[in-house]
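Please read it alongside the model.

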Amino acid sequence: MEGKINKQLKKVLKKIVKEAHEPLAVADAKLGGVIKEKLNLSCIHSPVVNELMRGIRSQMDGLIPGVEPREMSAMCLGLAHSLSRYRLKFSADKVDTMIVQAISLLDDLDKELNNYIMRCREWYGWHFPELGKIISDNLTYCKCLQKVGDRRNYASATLSEFLPEEVEAEVKAAAEISMGTEVSEEDICNILHLCTQVIEISEYRTQLYEYLQNRMMAIAPNVTVMVGELVGARLIAHAGSLLNLAKHAASTVQILGAEKALFRALKSRRDTPKYGLIYHASLVGQSSPKHKGKISRMLAAKTVLAIRYDAFGEDSSSAMGVENRAKLEARLRTLEDRGIRKISGTGKALAKTEKYEHKSEVKTYDPSGDSTLPTCSKKRKIEQVDKEGEVTEKKAKKAKIKVKVEEEEEEVVLVEEETSTKKKKKKDKKKHIKEEPVSEEEPCTSTAIPSPEKKKKKKKKKDIED
């Protein structure tokens, strides 16, 4: 199987070399190459040789006399088993298919338990609704229900095995004043049967979890130390086997389980996910949100080394996993401490944080923010009203003065416009007079008589200037 010549095979071949005139037919090409090198014997390996070997195996009873078919079939079966075990280096403790089945069953049991417990709480809640609020643990709820049954029996029952004294007294007090409906004995029997199922499944789940822990420590001890038995088992189940998982790169192991998110991110050209199943490892859970990506990348790199060591290594110790986990924990501490260090200075010294002292401040409610309307009390003092009146009078006077000033400014503007238009008219007249010849009969006598309108405007201008 390993391409090596056995002692018995050597003796047979040495006898053949002396008498052989034809090449030797070999089923394994690697073995044929070794025979040719060491014994200088020409070998043939082809599909025709394989067919010839198959014919010899099928006609073994006729070729070898004195061998019964029953013994031959038993020999073939034993040889096939031994060859497959030797090729796979079989070990009963190294079967990873058991892990795949165990973790799948564990997930199924969790789903079924949740469904059963929800149904049990809802069903018994019609009879005794207060019990579900008092007892939060599902297993103790089912155990108490199984022991007591009808709520009228809680007064005489002792629940000290499952509950502390305070909770027991609260349950008994709630049973006396319960608002639940009356239920028949047949209904109680069905509910109790469901409770026994829940208790049995939960006990079997704890047993299965212990079995999974032992299997993981036997098959992949370093992976168990790095990421825990549940995450390690889910990684193996997702890949199919430990050997398939060992062939994956660290970047693939990091996002294993988040394939849908990865392809969605690639399709929409957004950021790819930083972690998949490895997110549930304890080291990633301990880190702060901004360091989760870094820690998951480093953890995936170290986990891949542990997987390959467990898959291909002969040693079954977990020393390498413990060492790598210690390195990752130290790295996590440095990343977490880096945020506490000083921004200025050398950065080596830690920032001094003041001691926290709890100061209880009683804050009162401010009703001013409730309405957008201006808040003013209805009953105002007479003095305040008088002051407000004076203020309003002053404001009215100022407004009147502003109106007067605006009117005067408008009048000034109008006067300036009129004067500018008159000047233009005068210039036009002068030009017209220069152009027209003066007649001898009518001598031009220009005597400007001021109109009464101009006098009024001049007076207004003087008043405005004053």
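Helix H10 (residues 185–219) and helix H12 (residues 229–239) pack at an angle of about 75 degrees, their axes being 10 Å apart; here axes are lines fitted to C-alpha atoms, for helices over the stretch in contact, and angles run from 0 to 180 degrees between N-to-C directions. H10 and H12 are therefore roughly perpendicular to each other, given that angles under 35 degrees count as roughly parallel, over 145 as roughly antiparallel, 65 to 115 as roughly perpendicular and the rest as oblique. On the H10 side, Tyr209, Leu212, Gln213 and Met216 meet Glu229, Leu230, Gly232, Ala233 and Ile236 of H12, where contact means heavy atoms within 4.5 Å. By class, this contact of H10 with H12 has six nonpolar, two polar and one charged residues; Ala, Val, Leu, Ile, Met, Phe, Trp, Tyr, Cys and Pro count as nonpolar, Asp, Glu, Lys and Arg as charged, and the others, Gly among them, as polar.

This is a predicted model, in which local features need pLDDT of at least 70 and side-chain atom pairs count only at pLDDT 80 or more, while totals for chains, interfaces and linings use all residues. Residues are numbered from 1 along each chain as its sequence is written, and side-chain values use heavy atoms, with hydrogens and water left out. The protein has 20 helices and two strands, taken as DSSP runs (helices H or I, at least four residues; strands E, at least two) numbered from the N terminus.

Ile117, Cys120, Arg121 and Tyr124 of H6 make the contact with Asn138, Tyr141, Cys142 and Leu145 of H8. Sorted by class, the contact of H6 with H8 has six nonpolar, one polar and one charged residues.

Helix H17 (residues 292–312) has 21 residues and should span 30 Å at 1.5 Å a residue, which agrees with its end C-alpha atoms being 30 Å apart; the expected span is 1.5 Å times one less than the number of residues. Among the buried residues of H17 are Leu299, Thr303 and Ala306, where buried means under 20% relative accessible area, exposed over 50% and partly exposed in between (1.4 Å probe, protein chains only). What covers the buried residues of H17 includes helix H11 (221–227) and helix H18 (319–338).

Met226 is found in helix H11 and is buried, with a relative accessible area of 0%. Not counting residues up to four places away in sequence, Met226 touches several residues, including Leu299, Thr303, Ala306 and Asn324. Met226 and Asn324 are 98 residues apart along the chain, yet their C-alpha atoms are separated by 7.7 Å.

| Residue | Phi | Relative accessible area |
|---|---|---|
| Asn40 | about 50 degrees | 68% |
| Arg269 | near 60 degrees | 80% |

Asn40 lies in the loop between helix H2 (29–39) and strand S2 (43–44), and Arg269 in the loop between helix H15 (259–268) and H16. Over the protein of 466 residues, 24% count as buried.
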